[in-house]
Amino acid sequence: MASGATNRFIDIAKCVSVYEQTVLYLQQKLQAFLRPNEQVLICNGDTGQFGMATLLEKAVAGAGGIPLLLGEDRRWYTILKTAFYSRASVIIGPPLLILGLTKLAKHTATPLNIRNVLLAGAPSEDWMIEGIRHGLDAGIWGCYDPVPGLVVGGFSCGKSLGVHLRSDVLDAQVRSEDGRLLLRWKHEPEAVFVSGEQGRLCSALCSCGSKEPRIMDFISMDRIGDPIEELRERLLSWTSVLDYRASRTEMGLELEMIVFPGERLPKLPSCARRLVRQWMPKTDEPFSGVFL
């Protein structure tokens with residue numbers, strides 16, 4: 001797809017009226033579960049003009065909640081401590097960060113007051129959602145944001161898997177050659193965005209009663225055919241593994257893992273260099289930029 005079509009798609013999203021409409025859409029979706037004056041911890045880190053944290057802060061405040069942003073200290077320990085001491089009952093963030101937080105809470109026996117979770121800022125694959133659901137006794141909601149902070153393409157209903165397409169302003173299709181999701185503005189269909197995820201469109205009537213199509217079975221394109229990226233589910237689906245980073249060198253695979261002691265570990269791949277160590281609260285931050 002031509003870059004001009006992509007640039008136009010993003011330029012439209014930045015228009016004041018379109019951006020305000022996006023904030024309002026997200027605000028209305030939050031009102032399905034957000035209580036008046038409820039404290040909401042936003043774990044997305046981009047606070048720029050069109051950052052995801054900025055968009056969420058506006059939507060939460062508009063929905064009647066009290067948005068709380070993470071500070072500059074992004075250590076795992078600080079995120080856990082903030083979630084506990086803030087007494088936030090709603091938490092929003094990328095799925096892998098929330099998944100790691102649930103593991104830390106279990107490992108440290110830290111009781112969190114989380115009533116609802118909104119996964120936003122990165123694609124949520126089914127195994128991530130199930131891991132969070134297993135770790136937290138909370139409602140799980142999903143927001144599809146192919147351009148985090150600018151474009152919200154859909155929201156979950158809480159009754160089924162996937163997210164309902166924001167079909168009042170967007171059309172979606174699955175590109176036949178590679179399964180990528182394509183979005184286009186209804187009022188300007190030549191402005192097209194080719195997403196970084198594969199997905200499936202389901203037009204069947206949802207159990208919530210909505211006739212809006214659902215986008216399901218998300219998987220990031222960077223994971224397909226890349227042995228390093230495919231380690232993500234293989235390792236992080238285990239409650240014993242908090243985080244990892246891997247790289248391919250001339251000598252072979254180099255792998256560093258942060259694990260919790262006394263728990264069974266997954267079968268590990270052959271490596272030229274492998275470091276498996278325990279979580280260090282004073283220093284460890286999430287390894288990958290996709291967390292924040």
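Trainee: Which residue in β13 is the bridge partner of Ser247?

Mentor: The bridge partner of Ser247 in β13 is Glu254. This is a predicted model, in which local features need pLDDT of at least 70, side-chain atom pairs count only at pLDDT 80 or more, and totals for chains, interfaces and linings use all residues. Residues are numbered from 1 along each chain as its sequence is written, and side-chain values use heavy atoms, with hydrogens and water left out.

Trainee: How many bridges join β12 to β13?

Mentor: Eight bridges join β12 to β13 (residues 252–259), and these strands run antiparallel. Strands are DSSP runs of E, at least two residues, and helices are runs of H or I, at least four, numbered from the N terminus. Two strands pair if DSSP finds at least two bridges between them.

Trainee: What is the strand order in that sheet?

Mentor: The open sheet has the order β12-β13-β14, with mixed pairing. Because β12 (241–249) and β14 (273–278) each have a single partner strand, one side of each is left without a neighbour in the sheet.

Trainee: Turning to the sheet of eleven strands, what is its order?

Mentor: Its order is β2-β1-β3-β4-β5-β6-β7-β11-β10-β9-β8; the sheet is open and the pairing mixed. β2 (66–69) and β8 (170–174) stand at the edges.

Trainee: Which strands does helix α1 lie across?

Mentor: Helix α1 (residues 3–14) lies across β8, β9 and β10, at about 95 degrees to β10. Axes are lines fitted to C-alpha atoms, for helices over the stretch in contact (heavy atoms within 4.5 Å), and angles run from 0 to 180 degrees between N-to-C directions.

Trainee: Which strands does helix α6 touch?

Mentor: Helix α6 (residues 126–135) touches β4 (116–119), β5 (139–144) and β11 (214–220).
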